[in-house]
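Please examine the sequence and the structure shown below before reading on.

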Amino acid sequence: ETGIGLLYHPRQSDNIILKDNAAYADLKPSGCGWAYPLQACGISTTYNRSKSVAVTGQILRSFPDKKIKEFLSGGILLDSSGSETLCDMGYEKYLGAVPIRTFCKADETLSAEELIDTETMTQTSKYMTLSYLTPSERLCEFRVKDKANILSQIVGVDRKYTMPGMVIYTNSLGGRIAQCPFDISRGIRLPFLNWYRYELLGEVSSWVSGNEGFIQVKGGPYVLSFRRDGESQTVLFVINLAHDDVKEISFDIGFHKISRIKRLDVLEDSGRWVTVKFKTYHSGENLYRIDTNVSLKSIDFKIFRMR
């Protein structure tokens with residue numbers, strides 16, 4: 001399978017640096033906090049080798065310098081705990097945003113995360129509430145470097161800027177680094193996900209991966225996608241875990257070795273491949289939008305083949 005890479009290390013807990021008054025549960029592995037939000041937004045993930053990875057917690061302490069440099073020269077999606085870990089390990093120069101303070105939600109009066117129009121650098125009034133954060137949940141304020149781009153900002157109850165949100169940056173190794181100000185190493189609460197989060201994570205994951213092995217299924221929440229590339233075809237497995245049907249499935253999918261998609265098939269219940277009509281257009285760097293008229297019922301799946 002291809003997609004945004006998720007990391008695993010069997011000795012992760014051995015390398016965690018505990019803080020004062022830590023509990024035994026703080027030794028629990030916390031490197032895959034991005035798995036749930038990415039998958040819920042239709043973005044494919046994999047535990048196989050990938051040029052882009054999504055990192056939370058202190059899992060990077062378990063990898064040697066050579067491997068970390070490999071991650072940093074590819075693409076990394078970081079939460080605040082992942083950013084703090086890399087800075088603590090001496091990799092600050094490869095990041096576009098440096099944590100300057102970490103605090104709990106109860107310490108500040110914060111209202112929402114707002115998307116920024118990256119072309120005009122103006123507010124969009126597209127808000128993602130922070131009311132889901134418990135008083136003890138951690139946020140991080142970044143000092144953003146000059147060549148980094150800010151995709152969202154944290155605003156107060158007056159909707160005025162308080163600090164940066166999602167930051168992206170291309171470092172000296174050529175790596176694409178995206179940094180989120182929230183600590184999601186212990187998971188997320190349901191309200192973290194909404195349609196603007198869906199939009200933001202799709203844009204960020206596409207950019208971080210350079211669209212290599214990337215796919216995001218459109219049409220509804222909790223529509224999981226799995227992608228497998230072969231020499232002459234790409235197979236997609238799509239499963240709808242939502243209570244609502246998907247009327248028409250669409251994909252944002254990255255391809256590097258083809259100039260156009262010639263054929264799209266879907267596997268019927270009978271086991272026979274059937275060609276379906278589709279519309280496709282180039283929508284970004286090696287990125288294509290594919291619109292189909294294929295529907296998907298609740299708690300059901302479809303298998304597609306692209307050639």
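## The largest cavity

The largest cavity is lined by Y132, L133, E137, F182, D183, I184, G187, I188, R189 and F192. Here a cavity is a set of points on a 1 Å grid over the protein atoms alone where a 1.4 Å probe fits but cannot get out, and lining residues have an atom within 4 Å of a point. This cavity holds about 60 Å³ of space, and the structure has two cavities of 30 Å³ or more. Grid points are joined across faces, edges and corners, and a volume is the space filled by probe spheres set on the points.

## Basis of the model

The model is predicted: local features need pLDDT of at least 70, side-chain atom pairs count only at pLDDT 80 or more, and totals for chains, interfaces and linings use all residues. Residues are numbered from 1 along each chain as its sequence is written, and side-chain values use heavy atoms, with hydrogens and water left out.

## An open sheet and its helix

Four strands make up an open antiparallel sheet in the order β7-β6-β10-β11. Strands (E, at least two residues) and helices (H or I, at least four) are DSSP runs numbered from the N terminus, and two strands pair if DSSP finds at least two bridges between them. Because β7 (122-129) and β11 (161-164) each have a single partner strand, they stand at the edges, and one side of each lacks a neighbour in the sheet. From one strand to the next, the twist averages 35°.

Helix α4 (residues 195-209) packs on this sheet and touches β6 (112-117), β7 and β10; contact means heavy atoms within 4.5 Å. The direction of α4 makes about 115° with that of β7. Such angles run from 0 to 180 degrees between N-to-C directions, with axes fitted to C-alpha atoms, for helices over the stretch in contact. Within the sheet, β10 (residues 152-155) pairs with β11 over three antiparallel bridges, and I154 lies opposite M163 in β11.

## Strand β22 and its partners

Strand β22 (residues 300-306) runs antiparallel to β16 (residues 234-240), joined by seven bridges. Three bridges join β22 to β18 (residues 264-267), also antiparallel. In β22, R305 stands opposite V235 and opposite D265.

## Cysteines

The whole structure contains zero disulfides, a disulfide being a pair of cysteine sulfur atoms within 2.5 Å. The sulfur of C41 is too far from its closest cysteine sulfur for a bond, because that atom, in C180, is 12 Å away. For C180, the nearest cysteine sulfur is that of C140, at 9.8 Å.

How values were computed:
1 Å grid on protein atoms, 1.4 Å probe; cavity = no way out; pocket = protein on both sides within 12 Å on 5 of 7 lines; lining within 4 Å.
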